Structures are given as C-alpha cells and as structure tokens.
Amino acid sequence: MYKMENDNISAPPSQLETIKTNSNYLRGTITESLNNPLTGALYEQDQVLIKFHGTYQQQDRDLDDERKRQKLEPLYSFLIRVRVPAGITTPAQWLALDGLADKYADKTLKLTTRQAFQFHGVLKRKLKTTIQEINKTLLDTIAACGDVNRNVMSSANPYESPVHSEVAKDARRISAHLTPQTAAYHEIWLDGKLVEGGEKEEEPLYGKTYLPRKFKTAIAIPPRNDTDVLSNDLGFIAIVENGQLSGYNVTVGGGMAYTFGINTTYPRVADVMGYIPKEKIVDTSEAVLVFQRDHGNRSDRKNARLKYTLDRLGHDFFHAELKRTHNILLEAAKPYEFTSMGDQFGWSQSRDGLWHCTIFVEGGKLADRNGYPAKTAIREVAKIHTGSFILTGNQNLVIAQVPKELKPKIVNILKKHNVADNNLSQLRKNSIACAALPLCGLAFAEAERYLPSLVDKLDKVLEANNLQNEPITIRMTGCPNGCGRPFLAEIGLVGRAPGKYNLYLGASFVGERLNKLYKEMLSEEGIIAALTPILEDFSTNRDLNERFGNFVIRRGYVKAVEEGKKFHE
Ligand code: SF4
C-alpha cells in the first residue's frame with residue numbers, strides 16, 4: 001500500500017508506477033521490443049518507458065479502416081521529440097535535423113510550443129538510427145517526454161541583451177541539472193556498454209520511480225511572457241534591476257490539462273510564490289522538483305501534477321518543505337509586468353549590431369506546402385547562416401545573429417520562398433495549434449490541419465468589423481490535454497468529437513488568467529455564429545485599448561476565472 005507523508009493518500013500506486021519501479025531505470029524490454037520483427041509496435045510496458053527516452057508510439061488513424069479491411073495491424077510509427085534547452089540550435093544542427101526529417105520521418109519538422117523539435121512518422125525499424133543521428137548533432141531526446149523535467153524554456157532571443165543571454169544560460173543549467181542520469185539511454189540507443197549490475201545504479205535525484213507525472217519548467221523576461229511561464233509546473237520571472245539580472249520570482253503550480261467530465265481536474269495558472277537571488281535558481285529548481293517527487297499523487301495520474309499537490313497541501317507546507325529539504329527561503333515577490341505573450345515578427349537589431357528575424361510558422365509545422373516552401377527556405381538560409389536558430393514558445397522561429405553583410409541574402413531567400421509575409425492577419429500570427437490528428441492517439445478532433453482554414457473564415461469576420469489589426473490570441477487543440485495551452489488563449493477551441501469543439505473565452509492577453517467555457521460541441525458554423533456577434537460588439541463597444549479577453553468578461557459573456565479550482569463553476 002502506498003502511503004504518502006502529509007497527505008492521506010493511501011490508495012495503491014498506479015500501474016505506471018509499477019512499470020517504472022520494475023524497469024531497471026527505464027530499460028524495461030525496449031531492446032527486445034525494437035528487435036521484434038513481427039510487429040511495428042513495442043510491447044505495452046515499453047510504450048510507457050520510451051517516453052522517458054523522448055519518443056511516443058503512435059498510429060496513423062487516417063489509415064485505420066483501410067488497414068483493418070486488409071487485415072493488417074495499424075500503421076504504427078513514432079514521434080521523436082528533440083530536447084533543445086532554450087530552443088537554440090546551430091545552422092549545422094538545423095541542416096542535420098532537416099535531412100533526418102526527409103530521410104526517416106514525414107519530411108516535416110514540427111516546432112513545438114516548448115521550443116523543441118518533433119519528428120513524426122518514424123517507423124520502428126528506423127527509430128534507433130534516427131535517435132543515433134540526432135545525438136551525432138550534439139542534441140538528444142532523453143527526458144523530452146515522460147515523468148521527468150522536460151525541455152526547459154526561455155524567452156526567445158538570448159542575443160537581445162546581456163540579461164537575455166544570462167537567462168538562457170540559466171535555462172541550460174537547470175536542464176543539465178535535472179536530466180535523468182540513467183545509462184539506459186546510452187545503452188539502448190547509442191550502443192553504450194551495459195552497466196554492470198544495472199539494478200544497483202542510482203538516479204540520485206529521481207530514484208526508481210522518477211516523478212509522479214511530467215514536470216515543466218520555463219523562464220520569462222518581462223514585459224514579454226513568450227514562454228507562457230504561468231502554464232508551467234515551475235517558472236521563473238526574471239527581475240532586472242538597474243539593467244542587471246538580480247534574481248527571479250518563482251512561480252509554481254501551472255498546468256493546462258484537464259479531463260472532460262472529471263471536475264476534480266482543471267487547468268491552473270501558477271502562483272507567484274516569492275523571489276530568489278539569481279544564484280539560487282538551480283537549487284530552487286531541485287527543491288521544487290523534490291517537493292513534487294515526494295508529495296505528488298502516485299495513485300491517480302489525473303491528479304498527479306504539481307498543481308494538484310500544491311492545492312492539496314497548501315502554500316505554507318510548500319514553503320516549509322523548501323526550507324527543510326534545501327534551506328530555500330523565498331523572499332517577497334518583486335513587482336513585474338507582462339504586456340504580451342506573442343512573438344515580435346520581422347527584423348530587429350541588438351546593441352551588438354547583429355540582426356534577428358522572427359518568422360511565423362503556422363501550427364509550428366515546417367513543411368513545403370504549395371506556395372509556401374518554408375522548410376526549403378530555412379534550409380537555404382541554414383546553408384549560409386553564421387549565427388543560430390531559435391525556436392520560440394509560440395511555435396515560431398528566430399533566425400538570430402545575422403551580420404549586416406548577410407542580411408540582404410537572407411531577406412532574398414525568404415522573399416523568394418514566400419516566407420516572410422508580414423501581411424498575415426494578427427489573429428493568425430497569434431495562433432497556436434497542437435499536432436492532434438491523424439497521429440495523436442488522444443485527439444478527438446483536428447487542430448494543426450484545421451485551424452488555418454478556420455482562421456481564414458474568422459479573418460473575414462474581423463475585417464468586416466475593422467479588427468484585422470487587432471492581436472487576439474487563438475489556440476486549438478484536439479483534446480483537453482492542453483499541449484497547445486488553449487486555456488490561456490482569448491479564444492480557446494478544444495476538440496470534443498470529429499468536427500466539434502468547445503469554445504472558451506476570457507483569458508487575459510498576457511497569460512495571467514484562464515479562459516472559461518462559453519459554448520460546447522460547436523461545429524465550424526457554430527463557432528463562427530458564436531463569435532460573430534461578440535466581435536461585432538467588441539468592435540463597437542470596447543474601451544480604448546481594451547483587450548478582447550477582458551472585454552468578454554466586462555460585457556458578461558463569461559465570468560472571470562480567478563483560480564484553477566473554479567474553472568468549472
Ligand atoms: Fe494530442 Fe491532445 Fe496534445 Fe493535441 S492536446 S497533441 S490532441 S494530446
């Protein structure tokens with residue numbers, strides 16, 4: 001019987017806890033599964049364990065019926081997520097990843113909302129080779145998924161100022177410190193030698209059962225909240241005093257997912273718990289992770305994220321534990337202000353004279369589509385680029401550190417490939433979509449493949465109301481797991497069934513307030529019919545500079561959600 005200290009959870013651990021415990025630090029029978037030629041799938045327990053290695057088993061749901069008719073097993077393939085702390089890669093790494101997408105995956109690169117790359121559609125027989133080749137680029141996939149600390153996010157451009165650069169380094173330090181230590185990754189994927197007596201090997205921080213659930217960390221530098229810092233289990237808000245980074249406000253307990261019909265699950269915006277001097281950022285990260293490791297719910301995965309642990313045990317207990325385990329004492333939080341969540345598109349110059357160009361990537365999908373060969377364009381840029389590429393938390397891309405001599409050449413490449421189109425609507429530029437169908441097994445509805453055409457239609461409504469230049473955030477996901485952070489969008493759309501979405505309204509423009517369910521099970525017609533009169537009203541009756549998310553609350557369309565626990569009220 002599993003009994004946690006301080007919290008009265010006495011239910012047995014979930015089946016997944018048993019799989020982790022018995023896995024010999026994430027080895028399981030993955031090697032055997034990979035070598036089984038009779039199926040394109042892995043054994044069930046290994047499907048759980050490979051997430052910790054940065055890959056998910058998926059199946060192409062578009063082909064399910066046809067394959068069934070032909071008496072074939074589903075077309076299994078794998079998503080591989082490449083961990084990129086702070087989202088920074090070199091042109092050489094870009095070219096290598098671009099080539100791998102063509103060679104082993106579906107010829108696209110997905111830029112995720114957590115500044116990582118995803119390959120989709122990798123077959124089992126190519127999985128090991130692909131992961132090996134990713135590691136040759138000096139990037140890896142370990143801990144990109146699973147019950148561990150995931151990719152650490154940081155404000156998009158580290159070259160913008162010395163403070164941005166310092167913050168990006170802190171993101172990398174946290175990432176390195178919280179990465180699992182098991183040698184299983186090297187043994188399985190990189191043909192490392194089996195560790196003698198593997199059972200005795202230790203994970204000093206995580207132990208045998210790792211964390212109760214995934215753990216997400218991000219840093220933001222006000223006034224931009226481009227990492228959606230409050231949606232993370234653990235966040236840091238940079239505090240700059242006299243032009244210098246002094247420290248961070250620590251935020252805890254954010255998370256987007258909930259389960260339809262289970263009101264004990266809810267999205268939650270993190271609480272700002274206090275301030276630490278910058279030297280304590282790694283220690284504090286460890287202390288918060290240890291708090292969740294020791295007190296998170298290991299019986300019910302739907303209530304296992306840190307947000308629930310914090311709501312169950314309270315702030316006083318949290319502070320006491322940080323003091324007891326790591327002697328961390330949070331000072332009173334310092335003032336800060338966010339003014340946006342989105343990216344600043346186009347060219348900008350930093351004080352060192354270098355140029356940076358932020359490019360919109362619809363749905364984070366870099367592909368060569370008719371009239372929009374974005375993947376080719378960035379490959380051509382990478383061939384001559386001497387700086388770096390940075391993935392943003394909004395699924396976009398910064399071509400960073402461009403010397404002035406090179407800028408005209410890059411401008412030409414982008415123009416030739418129709419990529420730097422600044423005529424896109426503000427709604428589109430502030431849109432995010434998760435991957436959803438056909439490969440995500442949890443998706444109830446389309447997201448990435450559908451949102452662009454819905455935005456086309458909503459753009460017409462906005463134009464008719466002179467709102468085409470109004471930045472409104474819109475996010476769509478295929479289910480309420482929240483990969484695209486839909487509950488922090490002014491217009492949130494979450495898939496309920498094929499072609500049917502719940503519509504959520506009323507989040508703040510800067511990521512500090514959740515939205516609220518407005519209408520359920522809407523078709524495209526229903527979405528447009530629901531939004532049109534509200535947008536007309538907004539156009540006519542908004543206050544000066546009033547944001548759409550605030551307007552819908554002032555006019556009574558939805559109630560403001562003051563805290564996650566009240567999301568369903
Ligand atoms: Fe899949 Fe849901 Fe995540 Fe979208 S939000 S990628 S549908 S799990």
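This is a predicted model: local features need pLDDT of at least 70, side-chain atom pairs count only at pLDDT 80 or more; totals for chains, interfaces and linings use all residues.

What follows goes through strands, aromatic rings, charges over rings, the ligand shell and some backbone details.

Biologist: How are strands and their pairing defined, and which strands form the open sheet?
Modeller: Strands (E, at least two residues) and helices (H or I, at least four residues) are DSSP runs, numbered from the N terminus. Two strands pair if DSSP finds at least two bridges between them. Here an open sheet is formed by five strands in the order S3-S15-S16-S11-S10, with antiparallel pairing. Strand S3 (88-89) and strand S10 (346-349) each have a single partner strand and stand at the edges, so one side of each is left without a neighbour in the sheet.

Biologist: How many bridges join S11 and S16?
Modeller: Four bridges pair strand S11 (residues 355-359) with strand S16 (residues 397-402) in the antiparallel sense. Cys 357 has Ile 399 in S16 as its bridge partner.

Biologist: Is strand S9 largely enclosed or largely open?
Modeller: Burial is read from relative accessible area: buried means under 20%, exposed over 50%, and partly exposed in between (1.4 Å probe, protein chains only). In strand S9 (residues 271-277), five of the seven residues are buried, so the strand is largely enclosed by the rest of the structure. S9 runs antiparallel to strand S8 (residues 244-252), and six bridges join the two. Tyr 248 stands opposite Ile 276 in S9.

Biologist: How do I read aromatic pairs, and how many does the structure hold?
Modeller: A pair of aromatic rings is described by the distance of the centres and the angle of the planes. Rings of Phe, Tyr and Trp (its six-membered ring) pair if their centres lie within 6.5 Å; planes under 30 degrees apart count as stacked, over 60 as edge-to-face and the rest as tilted. The structure holds 22 aromatic pairs. One of them is the edge-to-face pair of Tyr 266 and Tyr 308, at 5.1 Å centre to centre with 75° between the planes. Tyr 266 lies in the loop between S8 and S9 and Tyr 308 in helix H10 (residues 306-326), so this pair ties together parts that are 42 residues apart in sequence. Both Tyr 266 and Tyr 308 are buried.

Biologist: What is the geometry of the pair Phe 291 and Phe 318?
Modeller: The ring centres of Phe 291 and Phe 318 are 5.0 Å apart and the planes are at 80°, so this pair is edge-to-face. Phe 291 belongs to helix H9 (residues 281-295) and Phe 318 to helix H10, 27 residues apart, and the pair links these distant parts of the chain. Phe 291 and Phe 318 are both buried.

Biologist: Which residues do ring pairs link into a cluster?
Modeller: The cluster consists of Tyr 258, Phe 260, Phe 444, Phe 487, Tyr 504 and Phe 567.

Biologist: Which charged residues lie over the face of a ring?
Modeller: A charge sits over a ring if NZ of Lys or CZ of Arg is within 6 Å of the ring centre and within 35 degrees of the ring normal. Examples include Lys 407, over the face of Trp 355 at 3.9 Å from the ring centre, and Arg 547, over the face of Phe 509 at 3.8 Å from the ring centre.

Biologist: Which residues surround the ligand?
Modeller: A residue is near a molecule if one of its heavy atoms lies within 4 Å of it. Among the residues surrounding the ligand are Cys 434, Cys 440, Cys 479 and Cys 483. For the classes, Ala, Val, Leu, Ile, Met, Phe, Trp, Tyr, Cys and Pro count as nonpolar, Asp, Glu, Lys and Arg as charged, and the others, Gly among them, as polar. The shell divides into seven nonpolar, four polar and no charged residues.

Biologist: Where is a cis peptide bond found?
Modeller: One joins Pro 222 and Pro 223, with omega about 10°. Pro 223 is in the loop between strand S6 (217-220) and strand S7 (234-241).

Terms used. Residues are numbered from 1 along each chain as its sequence is written. Side-chain values use heavy atoms; hydrogens and water are left out.
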